[in-house]
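Here's a quick briefing to read alongside the model. Take a look at the structure first, then work through the points below.

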Amino acid sequence: MAEKRKTAITPTREQDYPEWYQQVIRAAELAEISPVRGCMVIKPWGWGIWENMQRVLDGMFKATGHENAYFPLFIPMSFLEKEAEHVEGFAKECAVVTHHRLEPGPDGGLVPAGRLEEPLIVRPTSETIIGAMYAQWVQSYRDLPILINQWANVVRWELRTRLFLRTAEFLWQEGHTAHATEQEAREETALMLDVYADFAENWMAMPVIKGEKTAGERFPGAISTLSIEAMMQDRKALQAGTSHFLGQNFSKAQEIKFQDQHGQEVYAWTTSWGVSTRLVGALVMTHSDDDGLILPPKLAPKHVVVLPIYRNDQERSDVLAYCNRLAAQLNDAKFSGGAVHAWIDDRDLRGGEKNWQHIKKGVPLRVEVGPRDIAKNGVFLARRDTSEKRGLDREEFVQTVGNLLDDMQDGLYRRALALRESNTRPIDDLDDFRQYFTPKNEERPEIHGGFALCHWAEDPAVDQILKDLKVTIRCIPSAAEAEPGTCIFTGKPSAGRAVFAKAY
RNA sequence: CGGGGCGUAGCGCAGCUUGGCUAGCGCGCCUGCUUUGGGAGCAGGAGGUCGGGAGUUCGAAUCUCCCCGCCCCGACCA
């Protein structure tokens, strides 16, 4: 017997959460570190998840009146310079293109030649280049609103990267809208946050808190930034999507102006909103366990893997024929407004090995089919989320597979919500707050803390305490009721509680 | 970008302190046979310019210098 490990992933979440995360991504074949510094290669299984995310989100954007378009990867440096806060926010992490030609170098290599008159920035986000176009497109109130989204890659020259969570290049969508009135733009900002929350909860099975960022956490150049915040299994917060109300900051900087009904020349009100491939990382950290990835069925690239089991050629042909009929039936079954996606894994690998591969990749359902099942016209079913295994009748399975997948989707959401709820609490005392966010083992911090709901006030003293504890204010929850209280850091009066947590 | 650690086969590592035969081990991979309902067994085999460059030396994975990359901790961030 080979060495039998208790879990498919080492270390476990408890032993070393960050390392566990990396190992899950590798074991599930989602992505790999690339030869290019800070950049990752997204592999087919990981890409399949992102494709599903794109498809669903794209449908939601269209349903709320948006259209897709595409703007250039390169942004003239002067564009970025127009909005002061914006420059300051992104300058440090910009990749800059300064040349447009390569020539043979003295040592046989290539050297850049043909210096550009004006350097080009590889977009870290596209407010400026899109705004420049909007300025041309908008002349009359009749041209508004403009509701455009683009799917694109962006580059932020990060010094410390982690697969999916923070890479130098990442993929995202960025919506950019321009409106005639402030109210309409604010409504758009809130609407898109709702879209993100809907997607997170109903497709990713990831509960989120909707809220507004504090001044310190705002997008550079925004009047207000809304976000959805999720709790990962190490109880840290992950910002999973943002929606910004940009006021007239960018339209003034970029001359996006128009004549209103009264013939007055006024500036447009703009918004921007985005989610990125970071959501794949969020998915991993929300649901997976010590045996690898667990996927919410609604975003899984495939739902059911059929594993044929046979000993000889005769059995092989019988079993495969049965499996083919089963897979065809499954692919006709309905799930989540589409079809169940099943396939037969007939690779020449031993059963146990093959089985574990699918466990690690998080395939929601595994179905073993061997001579014994055929004799009973049945299947042997294993579900990834609960590890439950049982034999059942083939027809019954085909009839109920959609419901089963729905049930798994719900179960994952409830499990994630339960984790968040049992690790969220109001804290009204600074000592309690410190204790909550201080690990028992300073050398190797164990999983600790969670979300704390506290009264607070704007004050440099608060910033310092939070910095020392490595805690951030995640958001001021939209759902919170007005509740006057006292800032636990300064004793100043507070209008309501904010969510505090350690964060990614 | 500051502090610390590490680069040896696809992955994980030993060897380095005290330079010396043909650079090893486990997993994985290939071939054959036996196997196959939860990570198979035996036998044989392939795979390395020891991260890169320069230096010291009769001789460098091992010593010196420079460079590159990765990981951890800070600062910054979707």
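**RNA and rings: a quick tour**

The residues of the surface near RNA strand B split into 11 nonpolar, seven polar and 17 charged. Keep in mind that this is a predicted model. We'll start with the RNA and then move on to the aromatic rings.

**Around the RNA**
- RNA strand B has 35 residues around it, and the closest are Arg160, Arg166, Trp356, Asp373 and Lys470.
- Of the RNA strand B atoms that come within 4 Å of the protein, 39% belong to sugar and phosphate.

**Aromatic pairs**
- Searching the whole structure turns up 16 aromatic pairs.
- Phe245 and Trp269 are stacked, because their ring centres are 6.2 Å apart and their planes sit at 10°.
- Phe245 is in strand S11 and Trp269 in strand S14, so this pair ties together parts 24 residues apart in sequence.
- Phe245 is buried, at 2% relative accessible area, and Trp269 is buried too, at 17%.
- Phe433 and Phe500 have ring centres 5.5 Å apart and planes at 90°, so they count as edge-to-face.

**Other ring features**
- Trp50, Phe61, Trp151, Tyr196 and Trp273 make up one aromatic cluster.
- Lys82 lies over the face of Phe79, 4.7 Å from the ring centre.

Note on methods:
Residues numbered from 1 in each chain as written. Chains lettered and ligands numbered in written order. Predicted model: local features only at pLDDT ≥ 70, side-chain atom pairs only at ≥ 80, totals over all residues. Heavy atoms only, no water. Near = heavy atom within 4 Å. Nonpolar A, V, L, I, M, F, W, Y, C, P; charged D, E, K, R; others polar. Phe/Tyr/Trp six-rings, centres within 6.5 Å; stacked < 30°, edge-to-face > 60°. Helix = DSSP H or I, 4+ residues; strand = E, 2+ residues; numbered from the N terminus. Buried < 20%, exposed > 50% of the residue type's maximum accessible area, 1.4 Å probe, protein only. Lys NZ or Arg CZ within 6 Å of the ring centre and 35° of its normal.
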